[in-house]
Amino acid sequence: MTSQPSNDARPVATASGPPRPVMIDPGLFRRVLGNFPTGVAVITGLDAGGAPVGLAVGSFVSASLDPPLVAFFPDRSSSSWPRIAATGRFCVNILGFDQEAVCRTFAVRGGDKFTELSWRSAPSGAPVVDGVVAWIDCDLEAVHPAGDHDLVLGRVRTLDVGRSVLPLVFFQGGYGRFSPLSLAAWEGDLAVQLRTADLARPQFEDLAARFAAECVASAAVGDEMVLVANASAGSSGELAPRVGQRIPFLPPLGTAFVAWAGPLARRAWLDRAGKDSPPGTVAALEETLAQVRAAGYSVGRGRDWHGALNTVLAKADPTDPADPGHDAIRRLIRSLPPGYESPAAASPAADGARQHADELRTLSAPVFGRDGTAVLVLTLIGVHRPLDGGAGDPVAALRAAAATVTAALGGTQPA
């Protein structure tokens, strides 16, 4: 008896002969496998004559840690890969989210693909394309036939990180980038934010001096907000002891990071409000985000609340669950109303009273990176001038400073 065809490509046993492969429609194969997102890389090398060669692949993977091996699957009809393989060396260039044009250049057969590109040489001599997320320089370890492709193994000789941006992703027939559930674009790594803070330092030092206030730069990393730099009126330029201070990234705090974020990131932040929040909390938080986005900045009010927070922070380590202050800080944050950071003139306080503009304590505006992520938030603390829109308005000055740093980064504010 002949078995019934299955929906996979495993051989089907028959009574009369050896297993025969099941035929899979190529269109169906691409459509189904296209639901698995893959990173996009360009494999580069030099041919026998020393000319640069490259091809785009969507099948690059890490294969082994010991020894360090990577792998990819070039099409056997490729005209570029044999020229690279003949030299026994290649470099993997992992593309950033904004390098789709680079990918398309290398996806086309023939022609000089390096004419319009800037690149430098890896130790092997293979090109490292400017602006890539990372590069891995390899010696050719082995090539194995794999149907209409080859399985290529490379032994890593050296590697390094390039730009700290999101990678280019191929998914369901198109290019794009992923939206991290965490708001930390650089989870566990403050290098980008610290470099941005250095770039922003002249701006927030000027703000501190103009408004006789303190100006700080904060970053969102995982479930915390971290103070990465600050300046005070009349300061010597040295970083104050509070640099490195961390507080929980919990609603309703952090709206300047969240207001322009994608839906998944916003949802991750909203979920931190907790299932035991009063009815209507999430809707009120979403309204606050809309108000912050429309105004271009967020605020913080309430001298007493800020005083209580600073008192706890002076004695507690908010990152240590065993510290008594760990829970105290979270209770303080959750005592705030959902509209606490709304730029509206007044919002309901936790006890039902009204918090007025004369209780204004902070103003915050985001700095955006190339991918539209809020890389930093600049905050003025201890603002006393009225928000009247005049020449001395701290809101206008803060937003202008943030926009200047965003432009210096080549960043873009999301629509």
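Modeller: A residue is called buried under 20% relative accessible area, exposed over 50%, and partly exposed in between, with a 1.4 Å probe and protein chains only. This is a predicted model, in which local features need pLDDT of at least 70, side-chain atom pairs count only at pLDDT 80 or more, and totals for chains, interfaces and linings use all residues. Residues are numbered from 1 along each chain as its sequence is written, and side-chain values use heavy atoms, without hydrogens and water.

Colleague: Why is Cys215 called buried?

Modeller: Its relative accessibility is 0%, and buried means under 20%, so Cys215 counts as buried.

Colleague: How many disulfides are there?

Modeller: A disulfide is a pair of cysteine sulfur atoms within 2.5 Å; by this rule there are zero.

Colleague: How many aromatic pairs does the structure hold?

Modeller: It holds seven. Rings of Phe, Tyr and Trp (its six-membered ring) pair if their centres lie within 6.5 Å; planes under 30 degrees apart are stacked, over 60 edge-to-face, and the rest tilted. One of the pairs is Phe114 with Trp119, edge-to-face at 5.8 Å and 65 degrees.

Colleague: Why is the pair of Phe249 and Phe257 called edge-to-face?

Modeller: The ring centres are 5.8 Å apart and the planes stand at 65 degrees, so the pair of Phe249 and Phe257 is edge-to-face. Phe249 is buried at 0%, and Phe257 is buried at 7%.
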